There are 2 protein chains.
Amino acid sequence: MALTDDAIAKIRSMIQSGELPPGTRLPPEPQLAAQMGLSRSGVREAVKVLESARVLDVRRGDGTYVTSLAPRLLLQGLGVAVELLRDDTLLEVMEVRRMLEPMATGLAALRMTDADLDELGQILEDMRAAADDAEKLIQFDTAFHHTVIATTGNETLTSLLDGLSGRTLRARVWRGLIEGNAAHQTIEEHHTIYLALRARDQLLAQASALLHVNTSEAWLRTVLAAKSAGG
Amino acid sequence: MALTDDAIAKIRSMIQSGELPPGTRLPPEPQLAAQMGLSRSGVREAVKVLESARVLDVRRGDGTYVTSLAPRLLLQGLGVAVELLRDDTLLEVMEVRRMLEPMATGLAALRMTDADLDELGQILEDMRAAADDAEKLIQFDTAFHHTVIATTGNETLTSLLDGLSGRTLRARVWRGLIEGNAAHQTIEEHHTIYLALRARDQLLAQASALLHVNTSEAWLRTVLAAKSAGG
DNA sequence: ACTATAGAGACATCGGACGTTTGCCGGCGA
DNA sequence: TCGCCGGCAAACGTCCGATGTCTCTATAGT
């Protein structure tokens, strides 16, 4: 396979080299096809690939544009990749989170504003109020951690951790937590993290985040074991 | 746009649900098209996207198969994404590496075998011998860190860090190092990491890796500043 | 000045045709 | 019996042209 992949590489390279800056509009498909020496079908496949990678933005009836190339866009694909990982590699993902999330939470403790803390407190309240609703728990849990990490101001870091904490993964952990009557304890772990952040205590935030990830990992392990054993 | 994206989602969901395990062969394109209610063109675009994400493996003249879904495949896309990030976000990437790589190196200190250490020593020798060849330095530098991280046995972690340390990024750092006459010092930083690993000293490995990433970040900053200033 | 509408431009999708590669299998020879 | 070789068939790679549909814009009318 060469034609289409060449086209993909060519467009990508033109973007990387700065020849096609963010926001640029690409030539119409027929013209692009002529320019790159292949049919329109091939161009469409190439464009589709780059669109799925959030590199290009295709607007029907208008044209095809280069996206902002923001980390939040380009790293979005990580999430879908993680969703497709097989069960036995999910523990590897947790090990990565175990390394990264505490450090990130520690960093957040240094950079967090009062407004951020208030928002976090609100999410914590919501979480406590939703203690019986698995769906909402997952939602608030996601919001909690996302909010914490986002305060680091590092969009790449935020997108990365968001991707590593996919919805499916979170859902499995919470299923285990709820079935194991450990949901309440886990909510309190969030409170502990919150207190450390409010105290702007980097090391404490780091430690409490590590404990929290460890809990998640333990319950994921339980869920995975139950699945592989019980079917 | 719905038809093609629906097809992508449908195939992905069938894989995620286990309906299409790794190695499965998909129906021929015409049949798949009929089954999903769209033309072959649409199916081809969908398949191409999943192929570019290393989810499907298309063998011309044979058929289309589900890949092993190994982390090293699925996380490969991270590399190309990072390559497309704009200059001002590369520092964010370095901040992530600053958090992750020391932890990973520390973990490696615990899990590294004697054979691993020997291999690492060899790479270090190669690096010293290539002190004048930027191309080789980059190559050995990549090999060094990859080897270290790989000894953690965590393929997800390895793929992630590989992706974050793209070739372009490394090249820029080394350009700065060489032009700033700091290449020798940086090679010695590798030696320091090597010694810590050989001593199986987790904390020392972690600290030396942090210093090393910090050096890289500093030189990247220099290169980026020179670029934005000098044109 | 504002709104409605018509037109042009551009992507979305389709269907079929032909080339090319790969895998498989049967046959031949050592 | 083993291994090499050639041919057949299946499946992907690429192309082409036509039609549907959406978006943007400019024009005309109020």
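Mentor: First a term: a residue is near a molecule or strand if one of its heavy atoms lies within 4 Å of it. Also, this is a predicted model, in which local features need pLDDT of at least 70 and side-chain atom pairs count only at pLDDT 80 or more, while totals for chains, interfaces and linings use all residues. Residues are numbered from 1 along each chain as its sequence is written, chains are lettered from A and ligands numbered from 1 in the order in which they are written, and side-chain values use heavy atoms, with hydrogens and water left out.

Trainee: OK. Of the atoms of DNA strand C within 4 Å of the protein, what percentage belongs to sugar or phosphate?

Mentor: Sugar or phosphate makes up 69% of them, and bases make up the rest.

Trainee: And which residues come nearest to DNA strand C?

Mentor: There are 24 residues around DNA strand C, and A:Arg44, A:Gly61, A:Asp62, B:Ser39 and B:Arg60 come nearest. By class, that surface has six nonpolar, eight polar and 10 charged residues. For the classes, Ala, Val, Leu, Ile, Met, Phe, Trp, Tyr, Cys and Pro count as nonpolar, Asp, Glu, Lys and Arg as charged, and the others, Gly among them, as polar.

Trainee: How far is the polar side-chain atom of A:Arg44 from a phosphate oxygen of DNA strand C?

Mentor: The distance is 2.6 Å for A:Arg44. A polar side-chain atom of A:Arg25 lies 3.4 Å from a phosphate oxygen of DNA strand C.

Trainee: Which elements supply at least two residues of the surface near DNA strand C?

Mentor: From chain A, H3, strand S1 (56-59) and strand S2 (63-66); from chain B, H1 and H3. Helices (H or I, at least four residues) and strands (E, at least two) are DSSP runs, numbered from the N terminus.

Trainee: Now the other strand. Which residues come nearest to DNA strand D?

Mentor: A:Ser39, B:Arg25, B:Arg40, B:Arg44 and B:Asp62, out of 23 residues around DNA strand D. Of the atoms of DNA strand D that come within 4 Å of the protein, 65% are sugar and phosphate.

Trainee: What lies 3.2 Å from a base nitrogen of DNA strand D?

Mentor: A polar side-chain atom of A:Ser41. Two residues of chain B sit by phosphate oxygens of DNA strand D: B:Arg25, with a side-chain N or O atom at 3.3 Å, and B:Glu29, with a polar backbone atom at 3.0 Å.

Trainee: Why do the copies meet through the same surface?

Mentor: Because 100% of the interface residues of chain A are also interface residues in chain B. Contact means heavy atoms within 4.5 Å.

Trainee: What volume does the largest pocket have?

Mentor: About 1,200 Å³. On a 1 Å grid over the protein atoms alone, a pocket is an open set of points with protein on both sides within 12 Å along at least five of seven lines, a cavity is a set where a 1.4 Å probe fits but cannot get out, and lining residues have an atom within 4 Å of a point. Grid points are joined across faces, edges and corners, and a volume is the space filled by probe spheres set on the points.

Trainee: And which residues lie nearest the centre of that pocket?

Mentor: A:Ser52, A:Ala53, A:Gly77, A:Val80 and B:Ala53, among 50 lining residues. H5(A) supplies the largest share of that lining, seven residues. By class the lining has 25 nonpolar, 11 polar and 14 charged residues.

Trainee: How many cavities of 30 Å³ or more are there?

Mentor: Six. The largest cavity holds about 90 Å³ of space, and H10(B) gives the most to its lining, with five residues. Residues lining the largest cavity include B:Asp141, B:His145 and B:Trp174.

Trainee: What about the second largest cavity, which element gives the most to its lining?

Mentor: H10(A), with four residues. The second largest cavity has a volume of about 80 Å³, and A:Asp141, A:His145 and A:Trp174 are among the residues that line it.

Conventions
A polar contact is a pair of N or O atoms within 3.5 Å; within protein, one must be able to donate a hydrogen and the other to accept it, and residues adjacent in sequence count only if both atoms are side-chain atoms.
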